[in-house]
Amino acid sequence: MKLLRLLIFLLLLSGWPLPGIDASAQTTPEKKTYTIQRASSAIEVDGRLDEPAWDTALTVELNYETFPGDNIPARVRTECLLAYDENNLYAAFRVHDPEPAKIRAHYADRDAPYNDDMVGLMLDTFNDERRAYEFFVTPLGVQMDLVEDDVSGTEDTSWDAIWTSAGRLTPEGYVTEMAIPFNQLRFPHGEGVQTWGIDILRAYPRDQRYLFRLQPRRMDISCHYCQVSKLTGIEGLEPGRNISLYPTLTGVHTERRENFPEGEFSTDKSELEPGLTARWGATPNFTLTGTLNPDFSQVEADVAQLGINRQFALFFPEKRPFFLEDADYFQTPISAVYTRTVADPLWGARVTGKQGANAWGFFTAQDEVTNLIFPGSEGSSFTSLDQSHLAGVFRYRRDVGQHSNIGLLATTRQGADGYENTVYGADGQIRISDADSIQLQLLGSTTAYPNQVAADYRQPEDRFNGLAGFAN
């Protein structure tokens, strides 16, 4: 209760200046505003900037080294060109390098080439200085896309947009192009001119990793997107309904020879399993997703991990499309939502949205198996119950003040034979000054296991409760 009272006190306090803190003395770097123009011709993303549209595009340079130098002049030149049409935001980079032979560029998996040269954009499409989409591309066109939550300071690499990129090495350095469809982004609904926060970055790994940006970045200020420039001029966007359908059909046919090796083959099993996943972007702020008997075979295989001599459960990142829509909404200081526990869903429904200061997410799924993890102080135990269960997660988050938020979370799993687990709690991330912030979370849980499971894995025979707290 003391932690909860402290959380409530700080949430109330976050709306007013704190004693002893002079808000007027805490200044962020001046934010420049850049106006983008509609492309004057069609653009083909091929890594060659030979279309007339690039001659009239907005051109900016990355003049500041923000790491390791503290806002000193960039040691190499980087040009970024920006344009748009009714469907896409286009970005191109002319990247100059005094020693092109030292450029690091490899063909790699998506989101993997962190140690390569790269350039990219960060787009705060709601202009609320809290959350941004990130798009990076290497000299060979390898893509990286992420969602950054500036309040919590976390990046979600599991988000994958559908966009186009290209890159090629040149005698002067390298050139890249990207086309980002507007239907892959969320932004305020309206027919007027959009104003977004924008940061542009170049990573330059040589004797160490250098970072060059569009504007200075003060390191004594804990927020990033409160310091970035503004991009305006995009207008006439038609968000549409953005309906996507993903039908699947999986067939299995096996035969068995009864009398090996002379016997004849006879059909042992033959079946077809249709499935469908549908996604409807009802508005730029609201998305509904449903799935029926989904087949996730199009998802890349899990990254190999060694399970030998590992005492605790392995963590696998989520890559299944159904669970990825606004996955960062469900993140909290204590990771209380791990969607990989939903192993074989028969059906599922999911809704996420953001309106003004409010963001919410909900999903539910009927899982055909029930995987259980029993954590202990020295290791984890596991079992799977051959029974289905209903899983559900609800998340609500509200922005408070300029760079703070509060949230509520509830999760539940309800199975047959007496299994159930419910987790609920509140959290807050409160920025009390430019340099200082506080994270708090309080969780409670209620759990009950079937009698045989409780006996086999030394769990309480009756329903039991638990509490968890976090402060930073």
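A polar contact is a pair of N or O atoms within 3.5 Å; within protein, one must be able to donate a hydrogen and the other to accept it, and residues adjacent in sequence count only if both atoms are side-chain atoms. This is a predicted model, in which local features need pLDDT of at least 70 and side-chain atom pairs count only at pLDDT 80 or more, while totals for chains, interfaces and linings use all residues. Residues are numbered from 1 along each chain as its sequence is written, and side-chain values use heavy atoms, with hydrogens and water left out.

Select D149 to begin, in strand β9, which spans residues 143-149 (strands are DSSP runs of E, at least two residues, numbered from the N terminus). A polar atom of the D149 side chain lies 3.0 Å from the backbone nitrogen of V151. D149 is buried at a relative accessible area of 5%, where buried means under 20%, exposed over 50% and partly exposed in between, with a 1.4 Å probe and protein chains only. Apart from neighbours within four places in sequence, D149 is in contact (heavy atoms within 4.5 Å) with R130, T154 and R397.

Next, select E129, in the loop between β7 (118-124) and β8 (131-137). E129 has a positive phi near 60 degrees, although the residue is not glycine, and its relative accessible area of 14% makes it buried. Most residues other than glycine have a negative phi, and most peptide bonds are trans.

Move to the loop between β3 (64-67) and β4 (72-73), where P68 is placed; a cis peptide bond joins F67 and P68, with omega about 0 degrees. N71 belongs to the loop between β3 and β4 and has a positive phi of about 60 degrees, but N71 is partly exposed, at 24%. A cis peptide bond also joins F260 and P261, with omega about 5 degrees.

Beyond four places in sequence, the contacts of I200 include C80, L82 and L121, and C80 is buried at 0% relative accessibility.

Finally, select C223 and C226, joined by a disulfide with an S to S distance of 1.8 Å (the cut-off for a pair of cysteine sulfur atoms is within 2.5 Å). The torsion about their S-S bond is about 75 degrees, so the disulfide is right-handed.

Definitions and conventions. Helices (H or I, at least four residues) and strands (E, at least two) are DSSP runs, numbered from the N terminus.
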